[in-house]
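Please study the sequence and the structure before working through each solution.

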Amino acid sequence: MVKNKTLGYRVGNTINYIAVFLLCAMMLYPFWYLLVLSFNDGVDAMKGGLYFWPRKFTLENFKTAFENEEIVDAFIISILRTVIGTVLTLFARAGVAYALSRRRFWGRQALSFFFYFTGLIGGGMIPSYILYRQLGLLNNFWIYILPGMYSFFDMVMLRTYFQGIPDSMEEAACIDGCGSLRTFFQIYIPLSKPILATLALFAAVGHWNDWFVGMFYITDRSLQPAATLLQRLISQVDLTKMSNQQIDAYMQNQPQTTPEALRMTFVIVMTIPILCVYPFLQKYFVKGVMIGAVKA
């Protein structure tokens, strides 16, 4: 009887491992395929037959991608936007959530309802454009930061987490002479690393990958982020939008690079930085996403 259970356990465990391995392979292979195409000669890739490794290795695709002088400035804008936007977003949302979590804060229920009700209403793109213009945010770096600092959903998550911290810790801090601001930074922020790291990762990914704001609200190309610039560069080298003369000229100037290869390269360029950040937040991310899933 024990042997049957042991055999069944081993068989079931083996099946689970195989299923997980196949699932991981299905999720990782598309990214690997993009990586293979980005490091392969563009003209050679048009022949097909590339699956697991480059057939004709080259760095020409990356060289062509970074030959544009705007690309460096665009990446600087993206880095500044991601870093500044993530920090200010977490600070603003955590500050509001801390205030709403305090029972002695007068009017917190009415304020919570106000945040919730306004979160249900969206004016659309045209009213937003008019509002940003009146606020002087068009062609302004801060249009990447200020509109995205508010998120009622994230504030609710943070408020719930703060409410789970024992009030005795705040009372002890008050006895030691700490004010609300010092208690917030020295007690609540250090104890909230998992949820803060999770929200920081979401905010950073959103800032890094967003191309919409730079495309429709920024006309100054020196202020456009990498995502917007790369989207524009991809459309400029789209063979389906070129005449026959333009295609011939392009292939003569870029004999080893094709628009399809550049698309794959741009995707890799935009993905690698976020993949490098994720391992540093993984230990907090796994714990943070479980907040609210299990009630103590």
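**Exercise 1: The cores**

The largest nonpolar core has 22 residues, and Phe 75 and Met 270 have the most contacts inside it. A nonpolar core is a set of buried Ala, Val, Leu, Ile, Met, Phe, Trp, Tyr and Cys residues joined through side-chain atoms within 4.5 Å; buried means under 20% relative accessible area with a 1.4 Å probe, protein chains only. The model is predicted: local features need pLDDT of at least 70 and side-chain atom pairs pLDDT 80 or more, while totals for chains, interfaces and linings use all residues. Residues are numbered from 1 along each chain as its sequence is written, and side-chain values use heavy atoms, without hydrogens and water.

Task: State which helix supplies the largest share of this core.

Solution. Step 1: helices 1, 3, 4, 12 and 14 each supply at least two residues. Step 2: the largest share, seven residues, comes from helix 14. Helices here are DSSP runs (H or I, at least four residues), numbered from the N terminus.

**Exercise 2: Helices 4 and 9**

Task: Determine how helix 4 is oriented relative to helix 9.

Solution. Step 1: their axes, lines fitted to C-alpha atoms over the stretch in contact, come within 12 Å and cross at roughly 110 degrees, on a scale from 0 to 180 degrees between N-to-C directions. Step 2: therefore helix 4 is roughly perpendicular to helix 9 (65 to 115 degrees). Step 3: Phe 91, Ala 94, Gly 95 and Tyr 98 of helix 4 meet residues of helix 9 including Phe 184 and Tyr 188.

Technical notes. Buried means under 20% relative accessible area, exposed over 50%, partly exposed in between (1.4 Å probe, protein chains only). Angles under 35 degrees count as roughly parallel, over 145 as roughly antiparallel, 65 to 115 as roughly perpendicular and the rest as oblique. Contact means heavy atoms within 4.5 Å.
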